[in-house]
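Colleague: Let's go through the labels on this model one at a time. For each, set the value against the definition, then conclude.

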Amino acid sequence: MEMLREMAIFAQVVDSGGFSAAARQLGLTTSAVSRHVSRLEAHLGGRLLQRTTRSLALTELGGHVHAACARMLGTAREIHALAGNYSARPNGVIRVTAPVAFGQLWLAPKLPGFLALYPEVDVQLTLVDRIVDLIEDGADLAIRITREVAPGLAARPLCAMRYLLVASPGYLAEHAAPITPEELAAHRCSHVGAPFDGPWTVQRGDSVVSVSVPARVTINNSAAILAMVEAGGAIGLVPDFTARAALAAGRVVQVLPDWRLCEPHGGAVHAVYMPGKHLALKVRAFIDYVVAAHADAG
């Protein structure tokens, strides 16, 4: 690193036409400038300047070294300008991963507004139902539904999430709606599989009960479960973000609305990223936008 400083000082001497002028430009003493140039010559093993009391001339080696130093300083100025632009306005490509249904139903509809607000940022969204390694997969940001973020990662909550039981009006017209959680066992039910294969703990006020709810159909995608529910196929257990639009439109209704599924099911949706002092502006802008968009949507 010291050699880089010596190279910069040497270039300033040449560009200024002398040691005294360079010293004034750099805020150093003339003797300090001379020492830096002498050390650079020692590092390179050759004389860079022919010095007399009245003139200063480059040697052949000095001419080549000065040209290289000028390119180095030009690159440094370009990097500085790039960093300034980067910090002033979000730009570049942001690579985001998210669970499939959450990405389809919650995140993707928010992208047009983000793209309009930040025209210099492009988004690469990858939807996959597995834990993505940020470094190995080259992702800037991962959306995860979890109660606890893995050690070594930074995270920001985006929204809360809970599971709902829903059914179509047609299904409930044909099959009497369950009044208690225990009555679910007599219905065709559907959920995503393994996390819900065991007994469920559900709560209403101070009442807490454990029920076993066998699934006639398991599907590893909540949007597909909802599609089957809307077709009258079953009572489905899906995340609230999956059911929201269908509930609002009346295509499905909530079953046992006074009861809620207890831990470990449910949790919060987090934006997860690698920790560090300086979060890329494009990443910060993306997180801020989706948080604000969710809040505005109520």
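Modeller: Start with Leu256, in the loop between E13 and strand E14 (260–261). Helices (H or I, at least four residues) and strands (E, at least two) are DSSP runs numbered from the N terminus. This is a predicted model, where local features need pLDDT of at least 70, side-chain atom pairs count only at pLDDT 80 or more, and totals for chains, interfaces and linings use all residues. Residues are numbered from 1 along each chain as its sequence is written, and side-chain values use heavy atoms, with hydrogens and water left out.

Colleague: Why is Leu256 called buried?

Modeller: Its relative accessible area is 8%. Buried means under 20%, exposed over 50%, partly exposed in between (1.4 Å probe, protein chains only). At 8%, Leu256 is therefore buried.

Colleague: What makes the phi of Leu256 worth a mention?

Modeller: The phi is positive, about 50 degrees, and Leu256 is not a glycine. Most residues other than glycine have a negative phi.

Colleague: What makes helix H5 (residues 100–107) largely enclosed?

Modeller: Of its 8 residues, 6 are buried, so the rest of the structure largely encloses H5. The buried ones are Val100, Ala101, Phe102, Gly103, Trp106 and Leu107.

Colleague: How do you know that Asp137 and Arg130 form a salt bridge?

Modeller: Their N to O distance is 3.3 Å. The rule asks for a side-chain nitrogen of Lys or Arg within 4 Å of a carboxyl oxygen of Asp or Glu.

Colleague: How many salt bridges does the rule give?

Modeller: The count is 4. Another of them joins Arg156 and Asp288, at 2.4 Å. Arg156 lies in strand E6 (residues 154–161) and Asp288 in helix H10, so this pair ties together parts 132 residues apart in sequence. Arg156 is partly exposed at 32%, and Asp288 at 35%.

Colleague: What makes Arg251 and Glu230 a link between distant parts of the chain?

Modeller: Their closest N and O atoms are 2.8 Å apart. Arg251 sits in the loop between helix H9 (240–249) and strand E13 (253–255), Glu230 in helix H8 (residues 222–230), 21 residues apart. Arg251 has 39% relative accessibility and Glu230 has 31%.

Colleague: What touches His43?

Modeller: Contact means heavy atoms within 4.5 Å. His43, in helix H3 (residues 30–44), touches Met3 and Glu6, leaving aside residues up to four places away in sequence. Val213 is a contrast: 170 residues from His43 in sequence and 77 Å in space, C-alpha to C-alpha.

Colleague: Which residues have the most contacts inside the largest nonpolar core?

Modeller: Leu141, Ile143, Trp200 and Phe286, in a core of 43 residues. Helix H10 (residues 281–297) gives the largest share, 5 residues. A core here is a set of buried Ala, Val, Leu, Ile, Met, Phe, Trp, Tyr and Cys joined through side-chain atoms within 4.5 Å. Another core, of 15 residues, lies apart, with Phe10, Phe19, Leu49 and Cys69 among its members. Leu141 has contacts that include Val96, Ala271, Val283, Phe286 and Ile287.

Colleague: How do you know that strands E3 (residues 92–98) and E4 (residues 121–127) pair?

Modeller: Pairing takes at least two DSSP bridges. E3 and E4 have 7, so they pair, running parallel. Val96 has Leu125 as its bridge partner in E4. E3 also pairs in the parallel sense with strand E5 (residues 141–146), over 2 bridges. There, Val96 stands opposite Leu141.
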